[in-house]
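Reader: I'm new to this one and could use a hand reading it. Could you take me through it feature by feature?

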Amino acid sequence: MEILRKWLSLPCILVALGTTSVAGANPDAPVLRVPAGTLVDADLSRYPAVMMPGVPLSGQKRPGGAKGWQRITPKIQESLAATAIAQGIKKRMDGKSVGYAVTIMTASGVKTTATGGFARKSPPDSNQRAMAVTDRITTASVSKPITAAAMLRVMASKGISLDESASKYLPADWTLGSNFKAITIRELLSHTSGIRSGNGCNISFDGLKKCVADGITPANKVYKYANENYALMRIILPRIYGSQPKTEEDYAKQYEVIVNRMVLNSAGIPYATCKAPASSPALSYESVKDNGDDTGAYFAGNYDWDNLKPGIDWGDMTLRCGSQGWNLSADELARFMHTLSFTEKILPQSTVDQMRSENLGLFWRNFGEGLEGWGHGGWHPARWNNGEINTWVFTFNNGITVGVVINSRYNGNYATDIAEAVREVMK
């Protein structure tokens, strides 16, 4: 907040705000006092040396005098704060990854950005360029709140309860295993369905069919994060919407179209897909010296950005989308989360509150000193594809929303770094 205070103490801003005293370089010079609301041409020309010490004067006046001056408003203050937050984020995040992009939005929609590093780095790759907030890349599990929002909107439009059995919207030729009929859509969205990954149960079409056939143990109907819960939305959502897909490809395409229509389009996001951009996409990276340890233990070689394996994109995840896979930019992630949090273009705020309170695609996090909020993170470790990705969407309780993309390991805790930058300005 200290940065903001300094900006707000500038003489021109103070004058625009109202009654203020401005001293020039000459301590004996008369002090101009401007009563609030009476900033007029005569006042501006009365003591020019006091108003602008050391500035050569041309004798010209701005056409229209002071009438065109914009006084300090909450939106201007938000803009100044957002800029300060972006600077704080950049200060904390520079050098900690191969590349990062962060878009910051205030409650009223003021936007700033912070970027650093490379979307593509040479060596080892061609077409080196800086990371940008417009670079689309896989968002990993940040796909989940997008899927949840689409499910909730379509269900509301059809008058379907969250406590409806999920099995009702599965293909008729799928075998329902023991107790699967007892799983509700609410339980899929909140990871309390009892589904457990493994033994052929995974996020592919055939893998999901196996999950359903395996059934569940009722004692397992407690919180357990599982990608299969959200991958099943790729099958369920089109059937709730009213489509009649026949093949694995039909389900995936219908899911993609519905999410664009019901969520992304409502947030002003151009048509998105679950595959990497065709031309020179941003890449994910891993250090040649990386020891493969994902426990969080520090190892210097993991963060050697001068010696990188060739970067990778994440290919086409269309047939595995839902729990992961959407390719979006930091800018688009922030726009989605801001639209969800501060408008009713996607869902009524009462439904968004329900998402927050029941962990329906959004999770609460407390950063201390009164700073908290809701969002979702995403991560694919390098061992999956020789390049790591970290993503995050989050809305803090002071109105700041962030969309984050990091295309490698991050040397530290990016959520904490961003929260500290927000707290520094907004506390």
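This is a predicted model: local features need pLDDT of at least 70, side-chain atom pairs count only at pLDDT 80 or more; totals for chains, interfaces and linings use all residues.

Reader: Which cysteines form a disulfide with sulfur atoms 1.9 Å apart?

Author: That's Cys-201 and Cys-211. The torsion about their S-S bond is about 100°, so this disulfide is right-handed. Cys-201 sits in the loop between α7 and α8, while Cys-211 is in helix α8, so the pair ties together parts that are ten residues apart in sequence. The helix and strand labels come from DSSP runs, numbered from the N terminus: helices are H or I with at least four residues, strands are E with at least two.

Reader: Are Cys-201 and Cys-211 buried or exposed?

Author: Here's how to read that: buried means under 20% relative accessible area, exposed means over 50%, and partly exposed is in between (1.4 Å probe, protein chains only). Cys-201 has a relative accessible area of 4%, so it is buried. Cys-211 is at 2%, so it counts as buried too.

Reader: And which cysteine does a disulfide join to Cys-274?

Author: Cys-321, with an S to S distance of 2.1 Å. The pair links distant parts of the chain, 47 residues apart, with Cys-274 and Cys-321 each in the loop between α11 and β7. Here the S-S torsion is about -60°, so the disulfide of Cys-274 and Cys-321 is left-handed. Both Cys-274 and Cys-321 are buried. Counting bonded cysteines along the chain, the pattern is 1-2, 3-4.

Reader: Let's zoom out. How many helices and strands are in the protein chain?

Author: There are 14 helices and eleven strands. The protein chain has 427 residues, and 52% of them count as buried. For contacts, meaning heavy atoms within 4.5 Å, take those between residues at least 6 apart in sequence: 67% of them join residues at least 24 apart.

Reader: What should I look for in the backbone angles?

Author: Most residues other than glycine have a negative phi, and most peptide bonds are trans. Ser-280 has a positive phi, near 40°. You'll find Ser-280 in the loop between α11 and β7 (327–328), partly exposed at a relative accessible area of 27%. Glu-369 has a positive phi as well, near 55°. Glu-369 lies in the loop between β8 (363–368) and β9 (371–380), and at 71% relative accessibility it counts as exposed.

Reader: Which residues does a cis peptide bond join, with omega about -10°?

Author: Ser-122 and Pro-123. The bond from Pro-123 to Pro-124 is also cis, with omega near 15°. Pro-123 is in the loop between β4 (111–120) and β5 (129–130), and Pro-124 lies in the loop between β4 and β5 as well.

Reader: Last one: how do I read a pocket?

Author: The general idea is that rolling a probe the size of a water molecule over the atoms shows where empty space is left. On a 1 Å grid over the protein atoms alone, a pocket is an open set of points where a 1.4 Å probe fits, with protein on both sides within 12 Å along at least five of seven lines; a lining residue has an atom within 4 Å of a point. Grid points are joined across faces, edges and corners, and the volume is the space filled by probe spheres set on the points. In this model the second largest pocket holds about 370 Å³ of space. It is lined by 17 residues, and the closest to its centre are Trp-379, Glu-388, Asn-390, Gly-412 and Tyr-414. The largest share of that lining, three residues, comes from β9.

Conventions. Residues are numbered from 1 along each chain as its sequence is written. Side-chain values use heavy atoms; hydrogens and water are left out. A disulfide is a pair of cysteine sulfur atoms within 2.5 Å.
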